[in-house]
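Here's a quick tour for anyone opening this structure for the first time. Have a look at the whole thing, then we'll pick out a few spots.

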Amino acid sequence: MSIATAVKTEYEAIIGLETHCQLSTNTKIFSSSSTAFGAEPNTNIDPVCMGLPGVLPVLNAKVLEYAVKAGLALNCQIAKYSKFDRKQYFYPDLPKNYQISQYDLPIAEHGWLEIEMVDDHDNPVRKRIGITRLHMEEDAGKLVHAGSDRLAGSSYSLVDYNRAGVPLIEIVSEPDLRSGQEAAEYAQELRRIMRYLGVSDGNMQEGSLRCDVNISVRPVGEKKFGTKVEIKNMNSFSAIQRAIDYEIQRQIAAIEAGERIIQETRLWEEGSQRTSSMRVKEGSSDYRYFPEPDLAPIEVSHSQLETWRSELPELPAQKRHRYERELGLSAYDTRVLTEDLPVTEYFESAINAGANPKSAANWITQDIAAYLNKQKLTISEIKLTPQTMAEVISRIEKGKISNAQAKEKLADLLTGISVEEVFAGQELITDPTVLGPIVDEIIAANPQQVEKYRGGNINLKGFFVGQVLKKTNKRAEPKLTNELVERKLNNS
């Protein structure tokens, strides 16, 4: 079935996300095994995460701290009293045949985050998305299917239990999202927040951030929700957007054909750019939740809560608002500068070293970003320090070097060569008594161009400016050069 990208206006989509974030602890949620990614299969395991008889789980205190900080950053109400529960289901990657999670008393509820997009005029468009709950749980293992990326079609499957017991927080949004673009932006903002907090690296390629989408459609004006479908297997933000856009149109097409939407789990197939049915969705009653008997209830004191609150950093949305309000930056610049924490830290270090905020933003979001993309590097890997960047900007503003010179020498600066060495003997000529005779020489050497200029072809001024720059190896100060050339050409 061919799916169009535009959503018919007589329908609206109702979208919510369930996001699993792996917490960046060194050890698992209930045991001392390592959480390091990439270890040999079944080497980061122990009797607790494997559910062997006679062992007892013990909550990793860092998991609770990270979960509470994440809840606070998402404007949630932190529960004074919460507990763990057993979620019963059988699957080969679940060694205990149950998962320790939280059901009716999660650690955090009733929060929100703000998503921000930019319209065609570079104006920020903001929307608040509700957070239903945030709870702690352990991860399951991983199945590796031989001959296929799915169980269906594989000749056999292998189980790696290294992930079993890895600490997760599951963040459930309210059904406030209405498009694939909004959902992708929500997931990206969530990852930014987790990275700023330092509680998760958010690497989707390593499974540190996984999003499941619940989506239904209904006629515009209808109050009742349609039958929701869950989509899994989206490994990028662009895949989230494309999967949702496809599924919206699939459901609309089915409804208009008189078909009934069933509650099911579907997989996003990247190759064919479509969703396919995986299984009929279970209800919560199928999991037979009951309180975890081996773990005590959790109580967070007021003093502990306020201590963790005081340790929260300035978050991405707060930075964007501050950059626009105090530094006068555009919505586009603030989004790029706050996308990754290392970029933000680089920018702020340059500002603290005296760089003009707008100039620093331009260099980081344009020239440096282009270099990083081409070289496949991160900003942490370049040798141009924020302090050196501030010095370059200062030299440009003082007229010692031109913007063009700095751009031309950027590659040298990025490899760590000092400003003094890069620009040795290249300071701009700003003395009109030195530059004037050079302009006179260029004008005298090009009488035909002078005649054409004075005959009305004023665009030829650029020719004379270019000749002066060439004669001085680009050391002629541009503004002064333009003024001298125009004055002398008009002095007939």
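## Domains

The protein splits into domain 1 (11–304), domain 2 (314–423) and domain 3 (432–491), with bounds taken from an automatic or database domain assignment. Between the C-alpha centres of domain 1 and domain 3 there are 65 Å.

This is a predicted model, where local features need pLDDT of at least 70, side-chain atom pairs count only at pLDDT 80 or more, and totals for chains, interfaces and linings use all residues. Residues are numbered from 1 along each chain as its sequence is written, and side-chain values use heavy atoms, with hydrogens and water left out.

## Helix α5

Helix α5 covers residues 316–327, and its end C-alpha atoms sit 15 Å apart, which agrees with the 16 Å that 12 residues should span at 1.5 Å a residue (the expected span is 1.5 Å times one less than the number of residues). Helices here are DSSP runs of H or I, at least four residues, and strands are runs of E, at least two, numbered from the N terminus.

Buried here means under 20% relative accessible area, exposed over 50% and partly exposed in between, using a 1.4 Å probe and protein chains only. In α5, Pro316, Ala317, Lys319, Arg320 and Tyr323 are buried. They take up an arc of only 165° around the axis, so they are on the same side of α5; the arc is that of the directions from the helix axis to the C-beta atoms. On the face turned away from that buried side, you'll find exposed Arg325 and Glu326.

What covers the buried residues? Among the covering elements are β6 (108–118), α2 (180–197), α6 (331–338) and α7 (341–352), with contact meaning heavy atoms within 4.5 Å. After α5 comes Gly328, with a positive phi near 70°.
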